[in-house]
Amino acid sequence: MDLSSLYEVFLQCGSVTTDSRHCPENSLFFALKGSSFDGNQYASQALDKGSRYAVIDNPAYQPAEDSRYIRVDDCLRALQQLAAYHRQQMAIPVIGITGTNGKTTTKELISGVLARRHQVLYTEGNLNNHIGVPLTLLRLRKEHTLAVIEMGANHPGEIRELAEIADPDYGLITNIGKAHLEGFGSLEGVIRTKGELYDYLRKKEGVVFIHQDNPLLRDIAHDLSLVRYGTTQECFVCGEITGNSPYLSLCWKESGETTTHATTTQLIGSYNFPNALAAITVGLYFGIPAAEVDTALAGYQPTNNRSQLIQTAHNLIIMDAYNANPTSMQAALDNFRQMEAPQKVVILGDMKELGKESRQEHQKIADLLSTSGFQRVILIGNEFNQVRHPFEGFPDVATFAEYLRQEPLTGSTILIKGSNSTRLTTLGNQL
């Protein structure tokens with residue numbers, strides 16, 4: 001089936017699914033393939049569960065004379081092309097967001113601010129890859145006035161591909177640091193890939209919201225229309241941190257204005273300061289009054305184990321175990337060191353996908369911990385425990401959890417940080 005015909009089918013259906021277990025009535029099912037499954041096998045199940053049509057790319061799963069099956073050459077490619085085509089029909093501004101750290105928090109802050117006066121479509125959860133971006137775009141409706149699309153990557157070229165699908169008019173890179181080095185090969189590879197968003201906007205003559213204090217971003221932002229935020233007076237929005245124990249407070253003002261605004265957030269960590277400034281900047285740019293910007297920022301509560309503050313019966317926990325890389329790990333430790341809190345305990349899990357640089361990067365974190373002055377440091381995972389350190393070490397979270405049952409931690413402020421696969425989030429119920 002050609003793209004225009006597939007689009008007519010999509011309009012009849014109104015929604016898209018790739019999960020045969022969740023098929024809204026009259027939805028359009030795409031039979032995607034994964035490393036351990038073939039969606040073609042579940043097309044009939046999707047139709048039985050409520051889908052109106054099933055898009056497949058294997059003729060062996062197409063019953064004779066059943067018009068509910070739509071065959072294409074490649075289901076993933078068809079999904080991406082359909083999303084790109086639909087985005088072009090919805091002539092609304094699209095903001096693309098990427099970065100090594102903070103992109104999900106920044107996306108949610110920006111979306112919350114813009115929602116004060118706009119109908120905003122934004123990436124839900126972490127649907128920021130080659131499947132998630134198309135699925136998000138296919139939720140665009142005529143009532144939307146803005147879209148905020150998060151873009152993630154762990155290999156070169158992925159941001160370019162996502163930008164070609166989403167066709168952003170505006171872009172924002174939160175920061176660039178050491179992450180997914182196994183896929184990117186080096187920090188230079190990360191810079192080039194994240195910079196693909198700038199490359200796309202450069203050709204389109206779009207607008208970039210840029211953290212002016214970040215030299216890496218400034219270096220790759222030549223020949224672009226820039227809206228700056230940071231700590232210097234030249235910025236469209238300039239601000240400074242006024243408090244950080246435990247929640248981030250800041251003051252800010254808009255270029256050319258004399259009024260200074262004070263905002264107290266529910267965000268943990270000074271590393272969220274540029275994320276908050278980004279949301280203020282984008283909000284003001286799109287006409288959100290300053291008072292409503294402040295209200296939206298103050299009301300945002302982080303979720304999904306991203307710098308969440310959890311008070312248990314025995315301890316105060318900063319749960320930041322959704323993901324970890326050398327850049328975010330150092331930022332979290334620096335912030336925790338500066339925070340005013342009693343009996344500081346650090347529980348760190350391995351940082352994944354660092355490839356050949358893994359040993360070196362884990363050693364750097366161990367060395368940093370040696371000079372940070374925390375009351376107690378506990379390292380979990382094989383990567384950390386293959387480097388030199390004087391701290392308590394456990395091979396996995398299950399072993400440490402068993403230790404906690406015998407030797408409970410009490411009366412402490414605890415930072416928990418590690419890659420999601422280390423499963424440190426399961427410790428919350430035991431501390």
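Buried means under 20% relative accessible area, exposed means over 50%, and partly exposed is what lies in between. Keep in mind that this is a predicted model.

**Exercise 1.** Work out whether N26 and S307 are buried, partly exposed or exposed.

*Solution.* 
- Step 1: find N26 in the loop between strand 1 (16-17) and strand 2 (28-30). Its relative accessibility is 36%, so N26 counts as partly exposed.
- Step 2: go to S307, in the loop between helix 12 (290-299) and strand 14 (308-311). Here the value is 5%, so S307 counts as buried.
- Step 3: check the backbone. N26 has a positive phi of about 70° despite not being a glycine, and S307, not a glycine either, has a positive phi of about 55°.

**Exercise 2.** Describe helix 3: how far does it reach, and which of its residues are buried?

*Solution.* 
- Step 1: helix 3 has 15 residues and reaches 21 Å from first C-alpha to last, close to the 21 Å expected at 1.5 Å a residue.
- Step 2: look at its start, where a side-chain oxygen of D74 comes to within 3.0 Å of the backbone nitrogen of L76.
- Step 3: pick out the buried residues, which include C75, A78, L79, L82 and H86.

**Exercise 3.** Find out which residues touch the most other members of the largest nonpolar core.

*Solution.* 
- Step 1: this core has 79 residues, and L28, F30, Y198, L333, L348 and L369 touch the most other members.
- Step 2: ask where its largest share comes from: helix 3 (residues 75-89), with six residues.
- Step 3: zoom in on Y198. Beyond its neighbours within four places in sequence, Y198 has contacts including I173, V208 and L217.

Definitions and conventions. Residues numbered from 1 in each chain as written. Predicted model: local features only at pLDDT ≥ 70, side-chain atom pairs only at ≥ 80, totals over all residues. Heavy atoms only, no water. Core = buried A, V, L, I, M, F, W, Y, C linked by side-chain atoms within 4.5 Å. Buried < 20%, exposed > 50% of the residue type's maximum accessible area, 1.4 Å probe, protein only. Helix = DSSP H or I, 4+ residues; strand = E, 2+ residues; numbered from the N terminus. Contact = heavy atoms within 4.5 Å. Expected span 1.5 Å × (residues − 1). Polar contact = N/O pair within 3.5 Å; in protein donor to acceptor, adjacent residues only side chain to side chain.
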